[in-house]
Amino acid sequence: MSSPSSPEPLRLSSAELFSPQVESYLEEQAVLSRAMPEVVPRPFLIRVLYSSYFYLSLASGLGALVGWMILEPFFDDKEAAREGFQVANLLLFPVVLGSIGLFLGAAEGIMCRNLQRAAISAAVGLGVGFAGGLVALIVASIMFIVVRVMIVNMFPKDVHEDGMPTGMALLMLMMGRASAWAVAAIPAGIGQGIALRERKVALNGLLGGVLGGLLGGIVFDPISVAFTGADGEAWLSRGIGFTIIGLMVGFFVGIVEQWTKTAWLLMKAGPLAGKQFVIFRNPMVLGSSPKADVYLFKDEAIEPRHALIHDRGGRFEIEDMDSADGTYVNGIPVKKQILKAGDQIVLGKTVLEFALREA
């Protein structure tokens, strides 16, 4: 049996070797190899850490815990049992919500290594949370008083002598407290949207705050029943309850962002590889300036305003801002280009994958 013949070698004449077509091909290959940095798959843990629902819930829970630590020295459960009122109750919503707003506002900027954005959003979150907490205190107090009156009139047998409800009274108290926290948590959720002056981000925070406050508030009373000491001391139950409310607010702010996002960028290579950037502004600025919506740092090839992403009625277009190094889509330098799901955008050494939710 004869061995298969080897393929004929490719032969180019000197004229062909130095022809414009060959030179153009070689230049294109050079562009492609330079424009596509190596993409290393990120571990599952890194992807979780960069998930907004994870770090926002962590930040919000920490904020609630700090708020509780500030307030707890002013609580006196024995005095409350005698007089039924404490000054600390007046500060509960403003301090806890202000602290949640502070940490929640700072979280995104810290994750993006953008300290300027973190500081501004944190300050606005603190102010909005505290001021909104004062307003929410009035609304929530009225709601809670109404629920208390209904419990006493409808289920008097389910309220113990020490004031601890059981049965239907406990269930109604849980619903009342959950409703109060659903209203109260709104200011904590909307701070970042106000800081960024973005309606969509604020609406996500509003809905996330309502859902988080509702679900976090509904478990507050069962926690109180489980962790209040025999001597009536409730410091532990308050600490756990406030922290869970904070966790739920941050978690649902992140979840709502994922539910409502239309288009986003996933960093495949770069200093924040694994991080997702939701396209919430039109146009969205990509660049090395801390004022950019997608802050791309540690890359000298990226300019302060390197590229923009425009929302053209549901079709997204990237535009290079006359950058020296250029903007590449799937390895091809572009000035303007309509993006498709899966497109690889390269700026300097950073690779961003464009993703689009199917209608």
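A pocket is found on a 1 Å grid over the protein atoms alone: it is an open set of points with protein on both sides within 12 Å along at least five of seven lines, and lining residues have an atom within 4 Å of a point. Grid points are joined across faces, edges and corners, and the volume is the space filled by probe spheres set on the points.

This is a predicted model: local features need pLDDT of at least 70, side-chain atom pairs count only at pLDDT 80 or more, and totals for chains, interfaces and linings use all residues. Residues are numbered from 1 along each chain as its sequence is written, and side-chain values use heavy atoms, with hydrogens and water left out.

Domain 1 (44–260) and domain 2 (262–356) both give residues to the lining, so the pocket lies between them. The domain bounds come from an automatic or database domain assignment.

Now look at two serines. Ser 57 is found in helix H4. Its relative accessibility is 11%, so Ser 57 counts as buried. Buried means under 20% relative accessible area, exposed over 50%, and partly exposed in between (1.4 Å probe, protein chains only). A polar atom of the Ser 57 side chain lies 2.8 Å from the backbone oxygen of Phe 54. Ser 51 sits in the loop between helix H3 (44–49) and H4. Ser 51 is also buried, at 14%. A polar atom of its side chain lies 2.8 Å from the backbone oxygen of Arg 47.

Next comes a cavity. The structure holds one cavity of 30 Å³ or more. In a cavity, a 1.4 Å probe fits but cannot get out. The largest cavity holds about 40 Å³ of space. Among its lining residues are Leu 56, Leu 104 and Val 253. Helix H9 gives the most to this lining, with four residues. By class, the lining has four nonpolar, five polar and no charged residues.

Finally, turn to the strands. Strands of a sheet pair through backbone hydrogen bonds, either parallel or antiparallel. Two strands pair if DSSP finds at least two bridges between them. Five strands form an open sheet in the order S4-S3-S5-S6-S9, with mixed pairing. Its edge strands are S4 (294–295) and S9 (336–338). Strand S3 (284–287) runs parallel to S4, joined by two bridges.

Strand S10 (344–347) has Gln 344 and Val 346 pointing one way, Ile 345 and Leu 347 the other, and all are buried. S10 pairs with S7 (327–329) in the antiparallel sense over two bridges. Four bridges join S10 to the antiparallel S11 (350–356). S10 and S11 form a hairpin with two residues between them, and Gly 348 in the turn has a positive phi of about 60°.

Definitions and conventions
Polar contact = N/O pair within 3.5 Å; in protein donor to acceptor, adjacent residues only side chain to side chain. Nonpolar A, V, L, I, M, F, W, Y, C, P; charged D, E, K, R; others polar.
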